[in-house]
Amino acid sequence: MEIQVDPEICISCGTCIDICPEVYDWDDSGKAHSQVDDVPSNLESCAREGLESCPVDAIKEA
Ligand code: SF4
């Protein structure tokens, strides 16, 4: 499972990072990004929860 955050859409609310800090983190421009290239299976459910909780649908599963 790969996660992609569209920085053009992200409004930097922090929800995904609050929910799943093992996967999501801030990038240098203050937007969320995935800090893992390939989400380990034990983190997939929290990564999905973060994805589904994004208020602007900026996160996609690649
Ligand atoms: S939940 Fe969505 S809008 Fe909020 S920081 Fe994460 S990617 Fe950005």
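Two residues are taken to be in contact when their C-beta atoms, placed from the backbone, lie within 7 Å. The model is a predicted one, so local features were kept only at pLDDT of at least 70 and side-chain atom pairs at pLDDT 80 or more, while totals for chains, interfaces and linings use all residues. Numbering starts from 1 along each chain as its sequence is written.

On that contact criterion, and setting aside neighbours within four places in sequence, Cys16 touches Tyr24, Ala32, Gly50, Ser53, Cys54 and Ile59. Cys16 also turns up in the largest nonpolar core, a set of 14 residues in which Ile3, Val5, Cys16, Val23, Ala47 and Ile59 have the most contacts. Such a core joins buried Ala, Val, Leu, Ile, Met, Phe, Trp, Tyr and Cys residues through C-beta atoms within 7 Å, and buried here means 20 or more other C-beta atoms within 10 Å of a residue's own, again placed from the backbone. By that count, 26% of the 62 residues of the protein chain are buried.

Then there is the ligand. Its shell holds 13 residues, with Cys10, Cys13, Cys16, Ala32 and Cys54 the closest; a residue belongs if its C-beta atom, placed from the backbone, lies within 6 Å.

As for the overall fold, the protein chain has two helices and four strands (DSSP runs of H or I, at least four residues, and of E, at least two). Along the sequence they run β-α-β-β-α-β. The C-alpha trace spans about 25 × 20 × 20 Å along its principal axes. Among contacts between residues at least 6 apart in sequence, 63% join residues at least 24 apart.

Note on methods. Buried ≥ 20, exposed ≤ 12 C-beta atoms within 10 Å, placed from the backbone.
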